[in-house]
Amino acid sequence: MHSDPIADMLTRIRNAEHAGREDVSIKASKVCHGIAEVLKTEGYINDFDKIDDATGQGIIRIKLKYTDEGMPAITDIKKISKNGRRVYSSVKTLPYVMNGMGIAVVSTSKGVMTDKQCREKNIGGEVICTVS
């Protein structure tokens, strides 16, 4: 059993891209589904779908995205808020990833969204990870 499903998700995505795989399967959770939705909306992955399994929890299958040269769309993905150290930011202190070229995924009271969406809606939250 994994104690941190978000870290497991990010590690599986990172490892699958390094191996050149087309897709990766992850245990489903609401936060992981939200992160996958953000990655799809921002163009870092092609698509994802939820598959029901015998455990009832389900699996999220993410279809990874690559450039025409075979390079992964996600060059760097880092977990910011960890189990031992949660990182919360107000809208004024949200990080800029690569001067706006990347995104920070933030868990808010309105759901999981990017740092840009948080600035537009003027809400802060827990910074889950950064993607570039």
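At 56% relative accessibility, Asn122 is an exposed residue. The model is predicted.

- Asn122 lies in the loop that runs between helix H3 (115-121) and E8.
- Most residues other than glycine have a negative phi.
- The loop between strand E5 (88-89) and strand E6 (103-108) holds Met98.
- With a relative accessible area of 52%, Met98 is exposed, since the cut-off for that term is over 50%.

**Helix H1**

- H1 consists of 15 residues.
- From its first C-alpha to its last, H1 reaches 21 Å, close to the 21 Å expected at 1.5 Å a residue.
- The buried residues in H1 are Ile6, Asp8, Met9, Leu10, Ile13, Ala16 and Glu17.
- An α-helix has 3.6 residues a turn, so residues three or four places apart point the same way.
- Among the elements that cover the buried residues of H1 are strand E1 (23-27), H2, strand E3 (59-64), strand E4 (77-79) and strand E8 (125-131).

**How H1 meets H2**

- The axes of H1 (residues 5-19) and H2 (residues 30-41) come within 9 Å of each other and cross at roughly 40 degrees.
- H1 is therefore oblique to H2, because angles under 35 degrees would count as roughly parallel and those from 65 to 115 as roughly perpendicular.
- The crossing of H1 past H2 is right-handed.
- On the H1 side, the contact is made by Pro5, Ile6, Met9 and Ile13.
- On the H2 side, Val31, Cys32, Ile35, Ala36 and Leu39 take part.
- The residues of this contact between H1 and H2 comprise nine nonpolar, no polar and no charged.
- Ile6, Met9 and Ile13 of H1 are buried.

**Thr114 in strand E7**

- Thr114 belongs to strand E7 (residues 111-114).
- Its relative accessible area is 1%, and Thr114 is therefore buried.
- Leaving out residues up to four places away in sequence, Thr114 touches Val38, Glu42, Ile103 and Ala104.

Notes: Residues are numbered from 1 along each chain as its sequence is written. This is a predicted model: local features need pLDDT of at least 70, side-chain atom pairs count only at pLDDT 80 or more; totals for chains, interfaces and linings use all residues. Side-chain values use heavy atoms; hydrogens and water are left out. Axes are lines fitted to C-alpha atoms, for helices over the stretch in contact, and angles run from 0 to 180 degrees between N-to-C directions. Helices (H or I, at least four residues) and strands (E, at least two) are DSSP runs, numbered from the N terminus. Angles under 35 degrees count as roughly parallel, over 145 as roughly antiparallel, 65 to 115 as roughly perpendicular and the rest as oblique. A crossing is left-handed if the near helix is turned anticlockwise from the far one by less than a right angle, and right-handed if clockwise. Contact means heavy atoms within 4.5 Å. Ala, Val, Leu, Ile, Met, Phe, Trp, Tyr, Cys and Pro count as nonpolar, Asp, Glu, Lys and Arg as charged, and the others, Gly among them, as polar. The expected span of a helix is 1.5 Å times one less than its number of residues. Buried means under 20% relative accessible area, exposed over 50%, partly exposed in between (1.4 Å probe, protein chains only).
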